[in-house]
Amino acid sequence: MEPWMEPLLGALLIFCLRLIDVSLGTVRILMAVRGRRLVAGVMGFFEVTIFLVAISQVLTNIGNWWNVLGYAGGFAMGTILGMTIEKKLAIGLAEVNIVSMGRGIEIAEALREQGFGATEFLGAGQENIVDMIRTVVRRREVPSVTAAAGAIDDSAFITVQEMQHAYHGRWRMGK
């Protein structure tokens, strides 16, 4: 191996270690917030183990700026990767609120046909009475709900909030 390659390979190793440990840390925090204690604890064990290996490599050769750049770059990319992984996992629940001008009954019926619970309300908008639909779904089902509402009323106002817990109600099973 060429002498100039060794510092770069060390920096690449540090980058990869930080990418992994920060990704784990990002997902771990989100799991903890969602009450997944055991998963968060196991992830924390591996996160800290990897972190200790990475930081020891930087500190043993602090004069190598490639290591410092690898460390910082791995942290930045690990944050992005961790958030991307968590979004793909879509663990947890979401409340979807839909506001429609006169198409609420159709939207609620379409959601029910797909197995979702849907609660309908009338609301006072700025100028008119509006139809409001509320449903609580698994986060991974949010795109299905928003697509169903948008197919009926492409100008519907839709908001999505994450939830900690929901009790009772109608749940779409087996999908």
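Is Arg18 buried or exposed? Please note that we are looking at a predicted model. Arg18 counts as buried, because its relative accessibility is 5%, below the 20% cut-off. Arg18 belongs to helix H1, which covers residues 5–33. Leaving out residues up to four places away in sequence, Arg18 touches Ser23, Phe51, Ala54, Tyr71, Gly74 and Phe75.

Thr26 also lies in helix H1. With a relative accessibility of 16%, Thr26 counts as buried. Apart from its neighbours within four places in sequence, Thr26 is in contact with Gly78, Thr79, Gly82 and Met83.

Let me turn to the packing of helix H1. H1 packs with helix H2, residues 37–60, at an angle of about 155 degrees, and the two axes are 8 Å apart. H1 and H2 are therefore roughly antiparallel to each other, since the cut-off for that class is an angle over 145 degrees. Their crossing is left-handed. On the H1 side, the residues that meet H2 include Ile14, Leu17, Arg18, Asp21 and Leu24. On the H2 side, Met43, Phe46, Glu47, Ile50, Phe51 and Ala54 are among them. Taken by class, the contact of H1 with H2 holds 16 nonpolar, three polar and four charged residues.

I now move to the sheet. Four strands make up an open sheet, in the order S2-S3-S1-S4, with antiparallel pairing. Which strands are at the edges? They are strand S2, residues 119–124, and strand S4, residues 157–163, each of which pairs on one side only. On average, and ignoring direction, neighbouring strands of this sheet are turned by 25 degrees against each other.

Strand S1, residues 93–100, runs antiparallel to S4 and is joined to S4 by seven bridges. Asn97 stands opposite Thr159 of S4.

H4 lies across S1, S2 and strand S3, residues 129–138, and runs at about 15 degrees to S3. H5 packs on the sheet as well, where H5 touches S1, S3 and S4, and the direction of H5 makes about 10 degrees with that of S1.

How do these two helices, H4 and H5, pack, and at what angle? Helix H4, residues 104–113, and helix H5, residues 142–152, have axes 9 Å apart and an angle of about 140 degrees between them. That angle makes H4 oblique to H5. The crossing of H4 and H5 is right-handed. H4 contributes Glu106, Ile107, Ala110 and Leu111 to the contact, while H5 contributes Val145, Ala148, Ala149 and Ile152. Of the residues in the contact of H4 with H5, seven are nonpolar, none is polar and one is charged.

Finally, I would draw your attention to Phe121, in strand S2. Phe121 has a relative accessible area of 36% and is therefore partly exposed. Setting aside residues up to four places away in sequence, Phe121 touches Val130, Asp131, Met132 and Arg134. How far apart are Phe121 and Ile14 in space? The C-alpha to C-alpha separation is 55 Å, and the two residues are 107 residues apart in sequence.

Thank you for your attention.

Conventions: Residues numbered from 1 in each chain as written. Predicted model: local features only at pLDDT ≥ 70, side-chain atom pairs only at ≥ 80, totals over all residues. Heavy atoms only, no water. Axes fitted to C-alpha atoms, helices over the stretch in contact; angles between N-to-C directions. Parallel < 35°, antiparallel > 145°, perpendicular 65-115°, else oblique. Left-handed = near helix turned anticlockwise from the far one by under 90°. Contact = heavy atoms within 4.5 Å. Nonpolar A, V, L, I, M, F, W, Y, C, P; charged D, E, K, R; others polar. Buried < 20%, exposed > 50% of the residue type's maximum accessible area, 1.4 Å probe, protein only. Pairing = 2+ DSSP bridges.
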